Amino acid sequence: MKLFVVVRKDLSVSQRAVQAGHAVAQFLLYSPFCRWKNGTLIYLGVKGLRQLENLKRKFDQNDIRYIEFREPDIGNETTAIATDINNPFVERLNLL
């Protein structure tokens with residue numbers, strides 16, 4: 001089972017790592033149908049907040065479950081999302 005973590009690339013490299021970690025933790029804490037059992041992690045990147053919000057909208061429109069992480073130190077903006085559902089939207093993204 002794979003876990004796809006999508007992180008904003010407009011953050012610094014260290015911020016990306018931290019935000020990805022938060023998204024994984026958030027997924028494990030709050031995903032009621034968690035199928036991921038510490039298997040493959042795939043880190044993907046989007047340009048920034050707008051692209052991440054567009055991805056969330058596509059997930060919502062297609063009933064793709066995901067968990068988002070919002071960073072309090074960055075105005076509570078969404079910085080990363082995680083899903084264990086392989087879908088065409090994550091397949092189009094580049095590795096982080």
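Thr 78 is buried, with a relative accessible area of 0%; here buried means under 20% relative accessible area, exposed means over 50%, and partly exposed is in between (1.4 Å probe, protein chains only). This is a predicted model, in which local features need pLDDT of at least 70 and side-chain atom pairs count only at pLDDT 80 or more, while totals for chains, interfaces and linings use all residues. Residues are numbered from 1 along each chain as its sequence is written, and side-chain values use heavy atoms, with hydrogens and water left out.

Let's stay with Thr 78 for a moment. Its place is in strand β4, residues 77-83; helices (H or I, at least four residues) and strands (E, at least two) are DSSP runs numbered from the N terminus. The Thr 78 side chain makes a polar contact with the side chain of Glu 68 at 2.6 Å. Such a contact is a pair of N or O atoms within 3.5 Å; within protein, one must be able to donate a hydrogen and the other to accept it, and residues adjacent in sequence count only if both atoms are side-chain atoms. Beyond its neighbours within four places in sequence, Thr 78 is in contact (heavy atoms within 4.5 Å) with residues including Arg 8, Leu 49, Leu 52, Phe 69 and Arg 70.

Next comes Ile 42, in strand β2, residues 40-46. Ile 42 counts as buried at 16% relative accessibility. Setting aside neighbours within four places in sequence, Ile 42 is in contact with Lys 2, Leu 3, Phe 4, Val 5 and Leu 95. Val 90 is 48 residues away from Ile 42 in sequence, and their C-alpha atoms are 9.7 Å apart.

Leu 41, Tyr 43 and Leu 96 make a nonpolar surface patch of about 230 Å². Patches are made of residues with over 30% relative accessible area and no salt bridge, joining like charges within 9 Å and nonpolar side chains (Val, Leu, Ile, Met, Phe, Trp, Tyr) within 5 Å. Leu 96 is found in the segment after β5 (94-95) and, at 40% relative accessibility, counts as partly exposed.

Most residues other than glycine have a negative phi. Asn 38, however, has a positive phi of about 60°; it lies in the loop between α1 (13-30) and β2 and counts as exposed at 65% relative accessibility. Asp 63 also has a positive phi, near 55°. Asp 63 sits in the loop between α2 (49-61) and β3 (67-71), and at 72% relative accessibility it counts as exposed.

Key. Accessible areas come from the Shrake-Rupley method with a 1.4 Å probe; for residues, only the protein chains shown count as cover. A salt bridge is a side-chain nitrogen of Lys or Arg within 4 Å of a carboxyl oxygen of Asp or Glu.
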